[in-house]
Amino acid sequence: MAVYVDSADLEEVREALSAGFVRGVTTNPALIARTGRKPEEIIAAISELWPEELFYQPFSTGAEEAREELERMRDIAGPILVPKIPATWEGLKLLSELAGKGWKCALTAVYSPLQALLAKEAGAFYVIPYVNRATRQGIDGMELVAQISRALQGSKVQIIAASLKSVEEVLGVLSCGAHHVTVPWPLLKAMADHPLSLQAVEEFARVSNSGKEGK
Ligand code: G3P
């Protein structure tokens, strides 16, 4: 399993990558817009923090403009840039073209196993189902991941579960067959900081302080 941080906030990304075990960063237009900075600046700044992979979803909706935008971002970040292309007919065509050039690509905003199967045919490396968003729309997000996992069995396409809002959802998608997860910074912290572990650390600190005072 690889874990990614789903963020374009430079402080969050810096902190997450400094752990040394977070493979990369997933961004989307909303996350980048929230920073108030240009996509080019954000991509340049994140790539200087040396993620193994940096996922970028174009702002442009037309295929031609999206291709140009992705090429521009790849010129900035280099081969760590993974195009994250929305699951539509036009998106699949663009993905097929870029994968044909040897680019590692992801199909994102996946809501059905059929889209995942088409992603495989188009040459995608990753598919990214939106788990919590699916559940909010009345599609069982866990079942969606399980169906995609069954559909892709025997293929090399890997599932990165996204739109995760709780540690329970992270555990759920991993047991349903997701290979990897991308999570917002607060959730990444929550995965590490179990309340009972924090409580144990506090208890040990109290004991060791009272031991020191006794000397
Ligand atoms: O990067 C994809 C993911 O962030 C979208 O889901 O629900 O967190 O906006 P959501």
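Let me start with K165, which sits in the loop that runs between β7 (158-161) and α9 (167-175). Bear in mind that this is a predicted model.

K165 belongs to a patch of positive charge on the surface, where it gathers with R34, R133 and R136. K165 is also one of the residues around the ligand. Which others are there?

Now the contacts with oxygen atoms of the ligand. For R133, a polar side-chain atom is 2.7 Å from a ligand oxygen. For S163, the corresponding distance is 2.8 Å. In N28, a side-chain N or O atom lies 3.3 Å from an oxygen of the ligand. How much of the ligand does the protein bury? On its own the ligand exposes 300 Å², and the protein buries 86% of that.

Next, salt bridges. Side chains of opposite charge can pair when their charged atoms come close. The count here is twelve salt bridges. One of them joins E53 and K104, with 2.6 Å between the closest N and O atoms. E53 is in strand β3 (residues 53-56) and K104 is in the loop between α5 (89-100) and β5 (106-110), so this pair ties together parts 51 residues apart in sequence.

Terms used
Residues are numbered from 1 along each chain as its sequence is written. This is a predicted model: local features need pLDDT of at least 70, side-chain atom pairs count only at pLDDT 80 or more; totals for chains, interfaces and linings use all residues. Side-chain values use heavy atoms; hydrogens and water are left out. Patches are made of residues with over 30% relative accessible area and no salt bridge: like charges are joined within 9 Å, nonpolar side chains (Val, Leu, Ile, Met, Phe, Trp, Tyr) within 5 Å. Accessible areas come from the Shrake-Rupley method with a 1.4 Å probe; for residues, only the protein chains shown count as cover. A salt bridge is a side-chain nitrogen of Lys or Arg within 4 Å of a carboxyl oxygen of Asp or Glu. Lys and Arg count as positive and Asp and Glu as negative; His and the chain ends are not counted. The place of a charge is taken as NZ of Lys, CZ of Arg, CG of Asp or CD of Glu. Helices (H or I, at least four residues) and strands (E, at least two) are DSSP runs, numbered from the N terminus. A residue is near a molecule or strand if one of its heavy atoms lies within 4 Å of it. A polar contact is a pair of N or O atoms within 3.5 Å; within protein, one must be able to donate a hydrogen and the other to accept it, and residues adjacent in sequence count only if both atoms are side-chain atoms.
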